[in-house]
Amino acid sequence: MRTFLWSGSEDIRKIHWVSWEVVTSPKTEGGLGISRLEDVNLALLAKWAWRFTVEQGSMWRGVIEAVHGGRGNWCFLPIKRSISGCWKCIVKILEAKRFNGKSMHHLIRGVVGKGDNICFWSDFWLGNTLLKDRWPCLYKLDRGKKCKVNERVTRGSNGLVFTGRWYRFPSSVEELSEFQDLERLLHNAGHHQSLLSDSVDKWNWADKNGSVFSVAGCKDLLHDGNYTGQRFKLKWESWVPIKVNLIAWRAERDRLPTRVALEKRRVQIDNVLCPFCNLVEEDLKHLLVGCGFAYGVWSGICKWCKLDPFFAYDFDDLLMLYKNVHGGKWRKKIIRGIVMITTWVLWKARNAKIFQDKNMKVVEVVAEIKSRAFIWLKNRSKFSNIVERLFKDEATKEKGERARMASFVGAMAIADLVKTTLGPKGTKLHQNRPETTHNHPEDPKFETVFSGQPYPEDVQAD
Ligand SMILES: [Zn+2]
């Protein structure tokens, strides 16, 4: 999987720019949110434990009980070590694994209603330990180790009452002190009115009230608290394609293959100077922030978005640019997206210069950023109809948040830029087409969008 991510193969080894550890952490923690197969597998196995607990009375559970259950087996999931097979494997794996420091059994907690489905001794329902572990002496004395809650506890006029079925009555000091503890705990629990009422027994997942098992939630538990991505500031924008988000994500971590970065990784580079200005070494900070070319582009973007002039020291400052924007959530989203698009287009311009010897002017780069922003905002955001109407100068009829959004986009003069940069053919091409996403910035399809040439599919359709 990781080789695939960095477009390598068995024969060709490519640089893995970001560690697999980071790639597999959630987006909110600075990763890509890609699941590890190991975790998915484990979560799916854990689901069997949940289903075994919840689906009482089902056929498959009956079969497992018949094969693996029996006298002397009081584990949470029944297992006979002598019988091999997939159930034994599942139980063995789950027994060994900790989910956020807890055992699988710990995460499935009974909420006692009638009390006819939850085991008194061997399910989690009262306190944070199994009662058989809390009172081992009493457990030894009990005649029915698998008894349900309603077989031991009843609701009397003075709260909960315990009725034991003993081999002999508790008599030693340990047994009596455990019995005292039992009575005290039941007395405290007596305030919960739902306990031993007419409602059905339920199961909660991971100590959250009313929550049921989910594979995604289980995967999260496997890693809770293990992330260190707090210092990263990038927020992913859904209205901007993933490939653009990805470039910004890599830029924030300084993991783009700039000439300096390549040299650091022992790739032989003849010339490490910035392709735009040929004056300074091309590291990420210079390319996207410090270079005169980049500065020109960012100034153009600020002017376009009517932002106050700002001073960026590094790429993080650009990611924080949206904080200078006053107004609603959507304004900030748009600015965040535009910063990403600018980064992406700058990176593309840099590649065009290096690999195709194509010189782009600052105005051309700014124009491309504007038209990309328009197309994606129109086709990928929920405000598509507004952008469309804006194009026809009708947006002023909108009300509330939509009107504010429209006037903001209007201030950005998107309508004008579309007429000037795309031309009638280019716009027509995109009005009825949902934006497709390609993973590679150098995808030849992209070049055709702005040269006014139809996509290959269009030719076929005609
Ligand atoms: Zn430069």
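H17 passes H18 in a right-handed crossing; a crossing is right-handed if the near helix is turned clockwise from the far one by less than a right angle, and left-handed if anticlockwise. Helix H17 covers residues 329–356 and helix H18 covers residues 362–380. Both belong to a predicted model, in which local features need pLDDT of at least 70, side-chain atom pairs count only at pLDDT 80 or more, and totals for chains, interfaces and linings use all residues. Residues are numbered from 1 along each chain as its sequence is written.

**Helix packing around H18**

Two packed helices are described by the angle between their axes and the distance between the axes. Axes are lines fitted to C-alpha atoms, for helices over the stretch in contact, and angles run from 0 to 180 degrees between N-to-C directions. H18 also packs with helix H15 (residues 292–304).

| Pair | Angle | Axis distance |
|---|---|---|
| H17 and H18 | about 130 degrees | 9 Å |
| H15 and H18 | roughly 45 degrees | within 9 Å |

The angle between H17 and H18 is about 130 degrees. That makes H17 oblique to H18. Angles under 35 degrees count as roughly parallel, over 145 as roughly antiparallel, 65 to 115 as roughly perpendicular and the rest as oblique. On H17, the contact residues include Ile334, Gly337, Ile338 and Ile341. On H18, they include Val365, Glu368, Ile369 and Arg372. Residues are in contact if their C-beta atoms, placed from the backbone, lie within 7 Å. By class, this contact has 10 nonpolar, 2 polar and 2 charged residues. Ala, Val, Leu, Ile, Met, Phe, Trp, Tyr, Cys and Pro count as nonpolar, Asp, Glu, Lys and Arg as charged, and the others, Gly among them, as polar.

H15 and H18 cross at roughly 45 degrees, and are therefore oblique to each other. Their crossing is right-handed. H15 contributes Phe293, Gly296, Val297, Gly300, Ile301 and Trp304. H18 contributes Val362, Val365, Val366, Ile369 and Lys370. The contact of H15 with H18 divides into 8 nonpolar, 2 polar and 1 charged residues.

**Buried and exposed sites**

The protein has 462 residues, of which 27% count as buried. A residue is buried if 20 or more other C-beta atoms lie within 10 Å of its own, exposed if 12 or fewer, and partly exposed in between. In H12, the buried residues are Val244, Asn245, Ile247, Ala248, Trp249, Ala251 and Glu252. Their cover includes helix H14 (284–290), helix H16 (315–319) and H17. Just after H12, Asp254 takes a positive phi of about 55 degrees.

Thr163 sits in the loop between strand S3 (159–162) and helix H10 (173–189). Thr163 counts as exposed because it has 8 C-beta neighbours inside 10 Å. Leaving out residues up to four places away in sequence, Thr163 touches Arg152 and Thr154. Asn150 is 13 residues from Thr163 in sequence, with a C-alpha to C-alpha distance of 9.8 Å.

**Whole chain and confidence**

The protein has 24 helices and 4 strands. These are DSSP runs, with helices (H or I) of at least four residues and strands (E) of at least two. Among contacts between residues at least 6 apart in sequence, 60% join residues at least 24 apart.

The average pLDDT, the predictor's confidence on a scale from 0 to 100, is 80, and 80% of the residues score at least 70. Confidence is highest in helix H12 (residues 242–252), with a mean of 94, and lowest in helix H23 (residues 444–451), at 36. Residues 391–398 have pLDDT below 50, and this stretch has 12 contacts beyond near neighbours in sequence. Across residues 415–462 pLDDT stays under 50. The model has 46 contacts beyond four places in sequence for residues 415–462.

How values were computed
Contact = placed C-beta atoms within 7 Å.
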